Amino acid sequence: MTTVSLKRFAWLSIAAALATIGLKGWAWLLTGSVGLLSDALESLVNLAGASMALAMLSLAAQPEDRNHTFGHSKAEYFSSAFEGLLIIVAAGAIAYAAIPRLLSPQALDAVDIGLAVSGVATVVNLVVARILLTAGKRYASITLEADGHHLMTDVWTSVGVIVGVGAVALTGWLWLDPLLALVVAGNIVWTGVQLLRRSADGLMDVALPPDERAALAAVLERYRQQGIDFHALRTRQSGARSFVELHVLVPGLWTVQRGHDLLEQIEGDIRAVLPRTSVLTHLEPLDDPAAHDDHGLDA
């Protein structure tokens with residue numbers, strides 16, 4: 001995983017945001033639809049979020065240094081939190097524009113051309129969103145995943161807006177346009193809250209996901225069947241990197257070399273099922289009762 005490879009995806013997201021801002025802004029100017037305006041405002045959020053993602057991906061990829069001995073991977077959480085906040089701000093702006101129009105509905109113009117332009121922007125977002133989500137999973141990047149999920153939300157939002165504005169043109173129900181904009185606002189607030197929650201979990205050293213903990217437990221179980229025991233297991237997620245700590249209990253008569261070789265084997269097996277994981281082990285004798293005691297962080 002290199003800085004260049006991830007920054008390439010961030011630049012792609014920025015390019016898509018600029019293209020969709022232009023297209024959706026044009027669609028809004030053609031039609032006067034507040035629903036299409038809300039869609040264009042969300043693309044502005046996409047641009048700000050993608051720019052923040054570019055900066056944080058660059059920082060997260062830097063190697064550990066004297067003042068950051070665990071690396072800089074947590075910088076990605078600042079990007080996803082920033083994007084979550086921007087989404088909520090955009091929702092407020094959409095509601096601010098939609099409520100007066102709901103009270104005083106206005107006719108729409110050039111609906112067919114406006115919807116066609118908006119449809120092109122939606123396809124652009126769909127393609128880029130799929131690329132970002134795939135890359136986010138491949139490189140375990142919460143920044144790319146957050147950006148991809150946001151773009152997918154934008155895609156569904158755009159589809160809803162296109163259908164709604166088309167319904168206005170067919171039925172003449174002008175109030176449907178601002179009502180749809182308010183629904184869009186509520187939908188993207190939910191997305192923003194989810195991003196903020198996930199970012200907070202990361203900054204609070206949340207444990208690894210259940211499927212990864214299950215894979216870790218399967219590795220340890222194989223060694224338990226050989227008479228080795230474990231305790232004081234801790235895991236945490238930090239951006240694209242994971243951390244695992246545990247105490248390994250072996251027979252007290254083992255030599256230091258034999259114990260060391262076992263720890264190297266265990267750490268390698270854990271990293272095989274959990275790539276990009278830093279593993280810290282501590283060796284203890286099985287026959288010492290004190291070795292079986294778990295201690296808290298402040299012990």
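These legends describe close-up views of a predicted model.

The model is predicted, so local features need pLDDT of at least 70 and side-chain atom pairs count only at pLDDT 80 or more, while totals for chains, interfaces and linings use all residues. Residues are numbered from 1 along each chain as its sequence is written, and side-chain values use heavy atoms, with hydrogens and water left out.

**View 1. The largest nonpolar core holds 24 residues.**
I94, V161 and I188 have the most contacts inside this core. The elements giving two or more residues to the core are α1 (3-31), α2 (34-60), α3 (75-103), α4 (111-139), α5 (142-171) and α6 (176-203). Helices (H or I, at least four residues) and strands (E, at least two) are DSSP runs, numbered from the N terminus. A nonpolar core is a set of buried Ala, Val, Leu, Ile, Met, Phe, Trp, Tyr and Cys residues joined through side-chain atoms within 4.5 Å. Buried means under 20% relative accessible area, exposed over 50%, and partly exposed in between (1.4 Å probe, protein chains only). In soluble globular proteins, nonpolar side chains tend to be buried together.

**View 2. L102, W173, W175, L179 and V183 form a nonpolar surface patch.**
W173 sits in the loop between α5 and α6. Its relative accessible area is 47%, so W173 is partly exposed. Patches take residues with over 30% relative accessible area and no salt bridge; nonpolar side chains (Val, Leu, Ile, Met, Phe, Trp, Tyr) are joined within 5 Å, like charges within 9 Å. Accessible areas come from the Shrake-Rupley method with a 1.4 Å probe; for residues, only the protein chains shown count as cover.

**View 3. D287, D288, D293 and D294 gather in a negative patch on the surface.**
D294 is in the segment after β3 (277-285). D294 counts as exposed because its relative accessibility is 54%. Asp and Glu count as negative, Lys and Arg as positive; His and the chain ends are not counted. The place of a charge is NZ of Lys, CZ of Arg, CG of Asp or CD of Glu.

**View 4. E267 forms a salt bridge with R271.**
The closest N and O atoms are 4.0 Å apart. Both residues lie in helix α8, 4 residues apart, about one turn of the helix. E267 is buried because its relative accessible area is 12%. R271, at 35%, counts as partly exposed. A salt bridge is a side-chain nitrogen of Lys or Arg within 4 Å of a carboxyl oxygen of Asp or Glu. The count by this rule is 2.

**View 5. D229 forms a salt bridge with R224.**
Here the closest N and O atoms are 3.3 Å apart. D229 is partly exposed, at 27% relative accessibility. R224 is partly exposed too, at 35%. Side chains of opposite charge can pair when their charged atoms come close.

**View 6. A232 has a positive phi of about 55° although it is not a glycine.**
A232 belongs to strand β1 (residues 229-238). At 16% relative accessibility, A232 is buried. Most residues other than glycine have a negative phi.

**View 7. R276, also not a glycine, has a positive phi of about 60°.**
R276 lies in the loop between α8 (256-273) and β3. Its relative accessibility is 33%, so R276 counts as partly exposed.
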